[in-house]
Structure formats: C-alpha cells, structure tokens
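I opened this notebook to keep track of what I looked up, one topic at a time.

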Amino acid sequence: MNNALKLVKLIPLWLFFSALDANGQPNLVPNPSFEEMSGCPESINRLDSLLHWFSPSVTTPELFSTCSPSIDVQVPLNFIGNQEAKTDSSYIGIANFRQETGREYVSVKLIDTLIADSTYCVTFYVSPADSALHFSDEVGVHFSFNPLSSSTNDAFLLPSHVKNPDGVFLDDTAAWMEVSGLYTATGNEVYMTIGTFSNAMDIVMSGNPTKTTYLYIDDVSVVQCNTQRIQESFSQNSVNLFPNPNNGTFMVDVTTPGHYTLALYGSGGRKVKEVPVYGGEQANINLTENFASGMYLWIVFDNESIIQRGKLIVE
C-alpha cells in the first residue's frame, strides 16, 4: 500500500450524497474520525482508549494512531497493513469476518435520537488491510434503540440499514472506499453499529482463501438529508441510455444542457471506463475493446452531484 493517502471514489458512487447540500444539518456521530482518546493506544485490542465508541461484544477491535508508542497500532505502518488516515491521524480496524474467532463490531451512541420518517445520509470510509488477503463485499450499518450487547463472539444477524452494494468487493488496499446510503428512521434510534450482519453462508469471498477479512474505518457521518434536493436532481436531469441490453455499443442522452461524466464500474467495483457527455447531445459509446459480457453499474454526474445511475447489460 502506498504511504501517501489515496482516496478513491469507487462504487457505491450511485449512493454518493456527500457532495449534495445536507441542509446544514450537523453530523450526529460523535468523534467521527477517531481523534478523541483517553490516551494513545499502547497495543492491539485497545478500542477502550477511544472516546464514545465501544465494542458491543467480547471481540476487541483496534485503534490506530500516529501518537501510539507501539509499531503494532501506529499510522501509517502497523501490524496488519500500511495506510494513512483519511482525516487527521487516527482510524479504527475490525475483523469484519472471521470463521473461527468471531466478527468484530464497533458501536457508538449518536448525539441525538433519529426522528421518525426522516431520511438520513449515512457515510463511512473503509480500506482493507494489506495482510487481510481475503476480501468480501460485506460491511454495513445497523441502527437500534438500545446498544447491541453480547457476552460471546457470535455474529449479530440483523438487518443492515445501510450496506455496501452486493458484488462490489472491498479489495483495494491502496484506497479509502466510500460506503454510503439513505436510511429512513423508525424513530428514536440512538445507537449505530458498524460491521457484517449477514449469515456466513450468504457472504461471498474473493482473493486468497484465508479466514479473515479486516477493514480500517474512518470518517463516519449520519446527517439528516435534504431528500427534496436529491429527488429534484434526478427528476430534472433525465438520462437515457439505450439500447440496454446491448452488444457493447450504446447511446447516452442527457436532456439538461451541461457538461457531465459517464462512469462504468465492473462487478468488482473497479472503474472500467469514464467518458465526457454533453447535455442535449447524444453520445455514442463503444465498449468493444476487451470488455467482457455481463452487468455493469453506470453513473452520470457533474461537478456537484450524481445525476442518475443504473445497470447496463452487455451481451
């Protein structure tokens, strides 16, 4: 992994809302970039040095920081990888899937309870550690009224209220990858937990067949959304992509004048093509060069926001 910070916007860019106006609402997550501590971590398994965050089970996530006297939990180089913090000088790490010794989770009490029927933009960033050569598409967020708690290392098999998209593997050890989405609150939820909530039999793996996937986590936010702005962005800028399915050649038509970008992502979440498109003009796209048949995710965006997104089938 490069020592220099490398922030890459991979899928879920079709769930990307951080560039939109969140109506001036504050982040409800305390200590969102893990800088507030009771003391610098002196060894692995010392999440208890972190203020506000805690492990809801007997498992022991890590706190990594430049202030640590131990090489094991230093930033950027530590016992399981080499990564700069996305923001400031600290991040946390969880073994989000382990077949034998249990999964790790991190929980936090929000600054305020969520409001019933209100929509919240949820975002956090992950980076797989270099030594964890087993990758999955699984990580998500669960909101609850009470703190999750377990005296074992068993998995919490619960709904993921925001989840990394299926098939988008978190396998780029050089990048901070965004996981984001919308959550409409039931009302009075005040705890948030990050981890893997799926049954083990439903989890798809890639990479070397080791038994652990390990993710660094940084910059967590829960912000009440201005969903009217999001809906207007989609409705006022219609994108037509046709034919679909196709043989690798298709047209893109954005009805609103302006300069836009079309990006295509393969099943592993890697960007495979990016081309400019212009509102009011049809763009002819040709994917014949080394493109395999299958499903691709596409987004059209401008400098401010995502305009529209969808799926493309190449036969």
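**Entry 1: a term, then Thr-123.** I take contact to mean heavy atoms within 4.5 Å. I also keep in mind that this is a predicted model. With that settled, I looked up Thr-123, which is found in strand S7, residues 119-128. I left aside its neighbours within four places in sequence, and Thr-123 is then in contact with Glu-178, Val-179, Ser-180, Asp-219, Val-220 and Ser-221. Is Thr-123 buried or exposed? Its relative accessibility is 8%, so I noted Thr-123 as buried.

**Entry 2: the whole chain.** I stepped back to the overall counts. The chain has one helix and 21 strands. There are 315 residues, and 51% of them count as buried.

**Entry 3: the nonpolar cores.** Which residues touch the most other members of the largest nonpolar core? I found Trp-53 and Met-192, in a core of 36 residues. Several strands each supply at least two residues of this core: S5 (90-98), S6 (106-109), S7, S9 (140-144), S11 (177-184), S12 (191-195) and S14. A second, separate core has 20 residues, including Val-254, Val-275, Val-277 and Ala-283.

Not counting residues up to four places away in sequence, Trp-53 touches Val-29, Pro-30, Asn-31, Phe-34 and Leu-47, among others. The list also includes Val-106, Ser-107, Val-108, Met-192, Ile-194 and Val-220.

**Entry 4: Val-254.** From the second core I picked Val-254. Its place is in strand S16, residues 249-254. At 1% relative accessibility, Val-254 counts as buried. I listed what Val-254 touches, not counting residues up to four places away in sequence: Ser-238, Val-239, Tyr-260, Val-277, Tyr-278, Gly-279, Gly-280 and Val-300. Ser-238 is 16 residues from Val-254 along the chain, and their C-alpha atoms are separated by 5.9 Å.

**Entry 5: the disulfide.** How many disulfides does a search of the whole structure find? It finds one. The link joins Cys-40 to Cys-67, with 2.1 Å from S to S. The angle about the S-S bond is -125 degrees, and the link is left-handed. Cys-40 lies in the segment before strand S1 (53-54), and Cys-67 lies in the loop between strand S2 (62-65) and strand S3 (77-78), so the pair ties together parts 27 residues apart in sequence. I checked the accessibility of both. Cys-40 is partly exposed at 33%. Cys-67 is partly exposed, also with a relative accessible area of 33%.

**Entry 6: the loop between S2 and S3.** I stayed in this loop for Thr-66. Thr-66 is partly exposed, with a relative accessible area of 40%. Not counting residues up to four places away in sequence, Thr-66 touches Gln-74, Val-75 and Ser-89. I also looked at Thr-66 and Pro-41, which are 25 residues apart along the chain. Their C-alpha atoms are separated by 9.6 Å. Pro-76 lies in this loop too. A cis peptide bond joins Val-75 and Pro-76, with omega about 15 degrees.

Entry 7: I noted another cis peptide bond, from Phe-242 to Pro-243, with omega near -10 degrees. Pro-243 is found in the loop between strand S15 (239-242) and S16.

Next I looked up phi. Asn-31 is not a glycine, yet its phi is positive, near 50 degrees. Asn-31 sits in the segment before S1. At 4% relative accessibility, Asn-31 counts as buried. Asp-117 has a positive phi of about 70 degrees, although it is not a glycine. Asp-117 is found in the loop between S6 and S7. With a relative accessible area of 65%, Asp-117 is exposed.

**Entry 8: cavities.** I finished with the search for cavities of 30 Å³ or more, which finds two in the whole structure. Which residues line the largest cavity? I wrote down Asn-96, Pro-128, His-134, Phe-135, Ser-136, Leu-170, Thr-213, Tyr-214 and Leu-215. Strand S8 (134-136) and strand S14 (212-224) each supply at least two residues of this lining. The lining residues divide into five nonpolar, four polar and no charged.

Technical notes. Residues are numbered from 1 along each chain as its sequence is written. This is a predicted model: local features need pLDDT of at least 70, side-chain atom pairs count only at pLDDT 80 or more; totals for chains, interfaces and linings use all residues. Side-chain values use heavy atoms; hydrogens and water are left out. On a 1 Å grid over the protein atoms alone, a cavity is a set of points where a 1.4 Å probe fits but cannot get out, and a pocket is an open set with protein on both sides within 12 Å along at least five of seven lines; lining residues have an atom within 4 Å of a point. Grid points are joined across faces, edges and corners, and a volume is the space filled by probe spheres set on the points. Helices (H or I, at least four residues) and strands (E, at least two) are DSSP runs, numbered from the N terminus. Ala, Val, Leu, Ile, Met, Phe, Trp, Tyr, Cys and Pro count as nonpolar, Asp, Glu, Lys and Arg as charged, and the others, Gly among them, as polar. Buried means under 20% relative accessible area, exposed over 50%, partly exposed in between (1.4 Å probe, protein chains only). A nonpolar core is a set of buried Ala, Val, Leu, Ile, Met, Phe, Trp, Tyr and Cys residues joined through side-chain atoms within 4.5 Å. A disulfide is a pair of cysteine sulfur atoms within 2.5 Å.
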